[in-house]
Amino acid sequence: MNSINHVAIIMDGNGRWGLKNYNSRNKGHKAGLKTVESIIKVSIKYKIKFLTLYAFSTENWKRPKSEINYLFKLLENFLELKIKKFHKNNIKLKILGEKMFSKKLNNLLINSEKLTKKNSKLQINLALNYGSRKEIVNATKKLNSRKLEINEKNISKNLYTSNIPDPDILIRTGKTNRLSNFLLWQISYTEIFFSNKLWPDFNEKDFIKIIKNFQKIKRNFGEI
Ligand code: IPE
Ligand code: IPE
Ligand code: MG
């Protein structure tokens, strides 16, 4: 049976869910937070060590300002409300991506990382203003400026995900079968699951079903 160290999720479908149920994309983003909480619970139950959540891509800046502002306000409120509880539950928070938000949100993110940095039960990586191509370009630039050899190990070590093992499972909800610039380097041998459910409808049972299916897969890594 395969063990699960790291699950990465493209949480897609909030906007469509909100439009369908409340005629408001933002209502979908809000509802999506409930799914985040239940997925964290299952991750702890299954002793998953790393949970990476794609919350905002470098391309999502193309959305209307009002939606972007709502998303960041939602994140701000969520963190202010929950970070102490995360800390108490031995959860570590790490941001993947460049913190280029309001001063208030930047500080909240930095302080949340600081507060939880020694925690060890579950590490939640929040991909925020994250773009995989940018991440790879930045890593190679860093190597270049330090005159270090460009090889796989050095690139991996200079990504936002340095010290984080590659994902075992990648899930994308929202009935869309693409990667949208997420972890392109890290998912070379990740098992990928696409769910037709919109993120606010995705539940613990759906997640556990994927976990059980994953555990039975024969992973070859190029061998036979
Ligand atoms: C994913 O849901 C969340 C973010 C990108 C912030 P979407 O907002 O992309 O929802 P759909 O795909 O439009 O339904
Ligand atoms: C991917 O979803 C990004 C996040 C879930 C944060 P998008 O909705 O932005 O992806 P595309 O634009 O449909 O590919
Ligand atoms: Mg989408």
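Colleague: What lies 2.8 Å from an oxygen atom of ligand 1?

Modeller: A polar side-chain atom of Asp12. Bear in mind that this is a predicted model.

Colleague: Fine. Which polar atom of Gly15 is 2.9 Å from an oxygen atom of ligand 1, backbone or side chain?

Modeller: A backbone atom of Gly15. Arg63, on the other hand, uses a polar side-chain atom, which lies 2.7 Å from an oxygen atom of ligand 1.

Colleague: How much of ligand 1 does the protein bury?

Modeller: The protein buries 87% of the 380 Å² that ligand 1 exposes when taken alone. Ligand 1 sits in the largest pocket.

Colleague: On to ligand 2. Where does ligand 2 sit?

Modeller: In the largest pocket. The residues around ligand 2 include Ile10, Met11, Asp12, Tyr54, Ala55 and Phe56. Asn60, Arg63, Arg172, Arg178 and Ser180 are also around ligand 2.

Colleague: Which element gives the most to the shell around ligand 2?

Modeller: Strand β2, residues 50-57, with three residues. The shell around ligand 2 has five nonpolar, two polar and four charged residues.

Colleague: What is 2.7 Å from an oxygen atom of ligand 2?

Modeller: An N or O atom in the side chain of Arg178. A polar side-chain atom of Asn60 lies 2.9 Å from an oxygen atom of ligand 2. Arg63 contributes a side-chain N or O atom at 3.2 Å from an oxygen atom of ligand 2.

Colleague: And how much of ligand 2 does the protein cover?

Modeller: On its own, ligand 2 has 390 Å² of accessible area, and the protein covers 78% of that.

Colleague: Why bring up glycine at all?

Modeller: Because most residues other than glycine have a negative phi.

Colleague: Where is Asn23, then?

Modeller: Asn23 is in the loop between α1 and α2. Its relative accessibility is 66%, so Asn23 counts as exposed.

Colleague: I also noticed Asn163. What is the phi there?

Modeller: Asn163 has a positive phi of about 75 degrees, and Asn163 is not a glycine either. The loop holding Asn163 runs between α6, residues 152-157, and β5, residues 169-172.

Colleague: Is Asn163 buried or exposed?

Modeller: Exposed, because its relative accessible area is 78%, and the cut-off for exposed is over 50%.

Colleague: Last one, Ser132. Which helix is Ser132 in?

Modeller: Ser132 is in helix α5, residues 132-145. With 0% relative accessibility, Ser132 counts as buried.

Colleague: What does the side chain of Ser132 reach?

Modeller: The backbone nitrogen of Leu184, at 2.8 Å.

How values were computed. Residues numbered from 1 in each chain as written. Chains lettered and ligands numbered in written order. Predicted model: local features only at pLDDT ≥ 70, side-chain atom pairs only at ≥ 80, totals over all residues. Heavy atoms only, no water. Polar contact = N/O pair within 3.5 Å; in protein donor to acceptor, adjacent residues only side chain to side chain. Areas by Shrake-Rupley, 256 points an atom, 1.4 Å probe, with all protein chains shown as cover. 1 Å grid on protein atoms, 1.4 Å probe; cavity = no way out; pocket = protein on both sides within 12 Å on 5 of 7 lines; lining within 4 Å. Sits in = over half its atoms within 2 Å of the grid points. Helix = DSSP H or I, 4+ residues; strand = E, 2+ residues; numbered from the N terminus. Buried < 20%, exposed > 50% of the residue type's maximum accessible area, 1.4 Å probe, protein only. Near = heavy atom within 4 Å. Nonpolar A, V, L, I, M, F, W, Y, C, P; charged D, E, K, R; others polar.
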